[in-house]
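Good morning, and thank you for making time for this presentation. I shall go through one structure, beginning with a helix and its surroundings and ending with the aromatic rings.

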Amino acid sequence: MNKREFISLLGGAAVAWPLAARAQQPAMPLVGFLGTSSPDADGLRAFHLGLKEAGYVEGDNVTILHRWSEGRPDQLSEAAADLARRRVAVIASFGNAPALAAKAATTTIPIVFGVNEDPVRFGLVDSLARPGGNATGFNYLSAELAAKRLELLLELMPGAKNLAVLVDPAVPPTQTTLREVTAAASTMGLRIKILNASNSSEINAAFATLARERPDVLFVGLGFLFIDRRVQLVHLATLHKLPTTYSQRQFPEIGGLMSYGANYVDVYRQVGVYTGRILKGVKPADLPVVQSTRFELVINAETARMLGLNLPPKLLALADEVIE
């Protein structure tokens with residue numbers, strides 16, 4: 001081989017080596033995110049923050065496929081099946097229905113969930129400490145807080161006698177919520193009226209009934225429908241001057257009277273952290289299900305004044321945040 005041929009060969013190798021190195025680089029892991037409603041900006045930011053805490057940044061070393069049912073639960077099964085067909089490394093889900101859809105779609109792909117009911121009771125895991133199988137995650141216990149939410153509302157409205165409860169019968173936590181709030185109302189000597197709503201029109205119809213029957217207070221149940229329609233709910237409660245308690249802080253942030261529950265945005269972050277740990281090789285069966293232990297009371301003082309209510313010192317002392 002002459003000198004010119006050697007230099008040409010060396011130059012060709014110099015070009016080939018980077019190409020070969022690039023070809024050998026592993027593809028970025030693919031994460032599927034499955035949600036019930038339309039995208040929640042605060043929740044997604046928190047999910048990405050959790051991934052970052054675990055060492056993953058979308059576009060740098062992980063790719064995320066988002067699938068939303070846009071409030072149509074019938075689409076969840078197909079969305080979950082699509083993620084399973086694409087062989088994502090992990091399915092992150094938020095909400096009871098997405099978690100169940102993911103579990104039905106695959107028994108091998110790891111699943112990280114955020115749910116608001118006991119995941120053992122509806123078959124997501126074998127136990128909280130030892131999940132078994134391919135799923136683990138977080139339970140933020142909203143349904144079990146009904147009695148406490150009602151108690152806090154009556155601190156503000158101690159003379160209340162007639163309670164209205166608005167629930168979405170299509171969501172799994174409703175039965176737990178109704179059981180809890182009915183028992184609490186009986187203990188507190190409240191007469192209770194239950195109204196159902198599974199879409200925007202039914203919410204309007206429920207408030208038309210409330211306008212005729214004039215209850216003293218309103219308890220709004222759980223479900224992504226109510227979160228998606230929170231502007232409608234808060235507007236109607238304000239229009240009818242009806243003191244109302246909600247499950248999450250997004251409601252008082254836009255003018256609702258008060259809320260009590262886990263910080264759901266932080267649950268998104270925790271789901272992101274667990275997703276990152278699984279991407280690093282930890283098995284779901286080795287990650288215990290975490291139950292929320294910290295709950296926040298948020299009160300909108302401006303709305304209280306508009307309703308002619310005085311905030312008692314005891315309630316103010318209990319509040320995690322008072323919005324002026």
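Helices (H or I, at least four residues) and strands (E, at least two) are DSSP runs, numbered from the N terminus. The model is a predicted one, in which local features need pLDDT of at least 70 and side-chain atom pairs count only at pLDDT 80 or more, while totals for chains, interfaces and linings use all residues. Residues are numbered from 1 along each chain as its sequence is written, and side-chain values use heavy atoms, with hydrogens and water left out.

Let me begin with helix α9, residues 230-239. In general, an α-helix has 3.6 residues a turn, so residues three or four places apart point the same way. Just after α9, K241 adopts a positive phi of about 50°.

I turn to the cavity. On a 1 Å grid over the protein atoms alone, a cavity is a set of points where a 1.4 Å probe fits but cannot get out, and lining residues have an atom within 4 Å of a point. Grid points are joined across faces, edges and corners, and a volume is the space filled by probe spheres set on the points. The count comes to one cavity of 30 Å³ or more, and the largest cavity has a volume of about 50 Å³. Among the residues that line it are A237, T238, T244, Y246 and L307. Both α9 and β9 supply at least two residues of this lining. How does the lining divide by residue type? Six residues are nonpolar, five are polar and none is charged, where Ala, Val, Leu, Ile, Met, Phe, Trp, Tyr, Cys and Pro count as nonpolar, Asp, Glu, Lys and Arg as charged, and the others, Gly among them, as polar.

Next, the salt bridges, each a side-chain nitrogen of Lys or Arg within 4 Å of a carboxyl oxygen of Asp or Glu. There are 16 of them. In one, R121 meets E117 at 3.0 Å, N to O; R121 is exposed at 52% relative accessible area, whereas E117 is buried at 1%. In another, the closest N and O atoms of R249 and E296 are 3.2 Å apart. R249 lies in the loop between β9 and α10 and E296 in strand β12 (residues 296-300), so this pair ties together parts 47 residues apart in sequence. R249 and E296 are both buried.

Finally, the aromatic rings. Rings of Phe, Tyr and Trp (its six-membered ring) pair if their centres lie within 6.5 Å; planes under 30 degrees apart count as stacked, over 60 as edge-to-face and the rest as tilted. The whole structure holds eleven aromatic pairs. F33 and Y268 are stacked, 6.1 Å centre to centre with 10° between the planes. F33 lies in strand β1 (residues 30-35) and Y268 in helix α11 (residues 264-279), so the pair ties together parts 235 residues apart in sequence. Both F33 and Y268 are buried. One aromatic cluster is formed by F33, F47, W68, F94, Y140, F224, Y264 and Y268.

Technical notes
1 Å grid on protein atoms, 1.4 Å probe; cavity = no way out; pocket = protein on both sides within 12 Å on 5 of 7 lines; lining within 4 Å. Buried < 20%, exposed > 50% of the residue type's maximum accessible area, 1.4 Å probe, protein only.
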